[in-house]
Number of protein chains: 2
Amino acid sequence: MFINSIAHYIPEQILTNEHFSKILGLTEEEIFKKSGIKQRRVTGAGENTNTMSVKVAGLLQPKIPFDLQEVDLIVGATYSPHDTVATLAHQVQHLFKIENAQVVSVSTACSSYVNAMEIVEGYFAMGKASKALVVVSEHNTIYNDESNSYSGFLWGDGAAAMSVTKERITENDVEVVEIETRGYAHFAKAMHAVNLRPLEDRIQMKDGKDVFMNASKLMTSNTQGILERNGFNLKDLTYLIPHQANMRIINKVGEMLGLHNGSVVTNIEYLGNTGSASSAIALSQTWDKLQKDNLAVVTVFGGGYSSGCMLLKK
Amino acid sequence: MFINSIAHYIPEQILTNEHFSKILGLTEEEIFKKSGIKQRRVTGAGENTNTMSVKVAGLLQPKIPFDLQEVDLIVGATYSPHDTVATLAHQVQHLFKIENAQVVSVSTACSSYVNAMEIVEGYFAMGKASKALVVVSEHNTIYNDESNSYSGFLWGDGAAAMSVTKERITENDVEVVEIETRGYAHFAKAMHAVNLRPLEDRIQMKDGKDVFMNASKLMTSNTQGILERNGFNLKDLTYLIPHQANMRIINKVGEMLGLHNGSVVTNIEYLGNTGSASSAIALSQTWDKLQKDNLAVVTVFGGGYSSGCMLLKK
């Protein structure tokens, strides 16, 4: 399958480390050292996962090499929902009047974007769809407790959307060579390391250390695995597009893979942890740099202990 | 694909119309007349979508014709989540130590159960899984405002789980002949008829009339369509298993299809509206009655304006 077009949306409002320094009694430098984050984007009044999804679909629309109304599958992804019944995928169908589509919303923790892509792959394999729209949107800050000194400063908001087709449509399409996802919730601390309980303590990263250890290991081995299974090695990799949960995880993965800095794509410095949207936004930000035959790997691991890996070839 | 085993779980605590009559200033008879509901089941202390999922998976385990640990795909479904990061699907993976599984959680409004089944079909089509566990769990009452006289009395809690395999495993397996899902969010009132906004007004059925009209029409035509496409007609149908949102919708569908009462499966009288779990629970309740060559259709339409239809053959 092929990604034909991609767009991202990040809200205007900036929240700096100075803001959290005042609330949390940490210096700006300490926050940066813990996370690699200097600032994050936060939704304005009335914005939520549904409105951001509509906004990013609108940014995508002129780039799609077919009419948006031809889409026959909409897959939405978020773990920070505005509405779990009138979901972001339904909102996009509604406002763009996409009349003949299967519509699915996924909420599979930090890997939701890669899970969404694999669900598209499944619909293509069944022959039930051929032109999909994938929309990922995270509104972490509305579920965040800013006074939490352990994780309150991590979160940011943002969205990404892309058109995905079964067959190649233009020569600029990027091929999705392989998608692999896996649950690691059998690991001891999986159920308590990261949580988002809408009616209880909302979003909480309670055991960053365990996430760091497992994410570093699995995002690394999954990247190696997906390259090897497809006859490539790390020297062939142009861009690594990792989940943006913490810069220390990203640096560790880059180091373990022996990648030079320029090939590891990051946005966490200025967007914060945008959850399952983070790697999709990073892919969108890398899109125009991709040259013919370039390889990129999207590798994610996070809360729920949910992982995903995707090999892309321009 | 085939359903090999199925189980359901409903909490012990009963909430009668008397309870709502006192709160809402409606008579018990008025509540029954509006909804067809006499009582509903409500979770006890500490219960939620994750705990109900574990409970129902435990009830299912002895019925599965293979080891639960052989499951290679877990698909969870809910629109009333306890935790959107450590999801119900991850909770099941965790407690049953299912080590080699892809794990997905879906949150696609009232059709989530049928969407989950179609996602399984996709993984089977890709050759990425062959033994799946589908778990649906709804905790409507925690998101409900009991003082809402329009919809506060509708909701109940419950869960269902089933094992689904690519190939037939026993002669008691029920074949999933076809699954069809579709989004109807392009309809005018789709985004405001039913909502569940965790951080705003929670679960709200604001336009039951529009839901009634569209649900009656689409659950009827989808049932006719799926039978016809597979060379059957209504006379061949043994059981219709509709989404249990309101008895008036169910009666209307039964009437439009010309079905006699015994063939339309209901549980809303004593469970209330258990959301996307309702038809899965009803299927579980019908399971032992299914005879060789019996046909059943699961047909759902609800919030988000999301529909799904599934033809089953014993």
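How many residues of domain 1 of chain A are in contact with how many residues of domain 2 of chain A?

A: First, some notes on the source. This is a predicted model, in which local features need pLDDT of at least 70 and side-chain atom pairs count only at pLDDT 80 or more, while totals for chains, interfaces and linings use all residues. Residues are numbered from 1 along each chain as its sequence is written, and chains are lettered from A and ligands numbered from 1 in the order in which they are written.

Chain A is divided into domain 1 (2-165) and domain 2 (174-313), with bounds that come from an automatic or database domain assignment. Between these domains, 44 residues of domain 1 are in contact with 42 residues of domain 2; two residues are in contact if their C-beta atoms, placed from the backbone, lie within 7 Å. On the domain 1 side, the elements that give two or more residues are β1 (2-9), β3 (39-42), α5, β6 and β7 (157-165) of chain A. Helices (H or I, at least four residues) and strands (E, at least two) are DSSP runs, numbered from the N terminus. The most comes from α5(A), with 7 residues. By class, this side of domain 1 has 20 nonpolar, 16 polar and 8 charged residues. Here Ala, Val, Leu, Ile, Met, Phe, Trp, Tyr, Cys and Pro count as nonpolar, Asp, Glu, Lys and Arg as charged, and the others, Gly among them, as polar. The centres of the two domains, taken over C-alpha atoms, are separated by 16 Å.

Strand β6 (residues 131-139) of chain A is joined to strand β4 (residues 73-77) of chain A by 5 bridges, and the two run parallel. Two strands pair if DSSP finds at least two bridges between them. In β6(A), A:L133 stands opposite A:I74.
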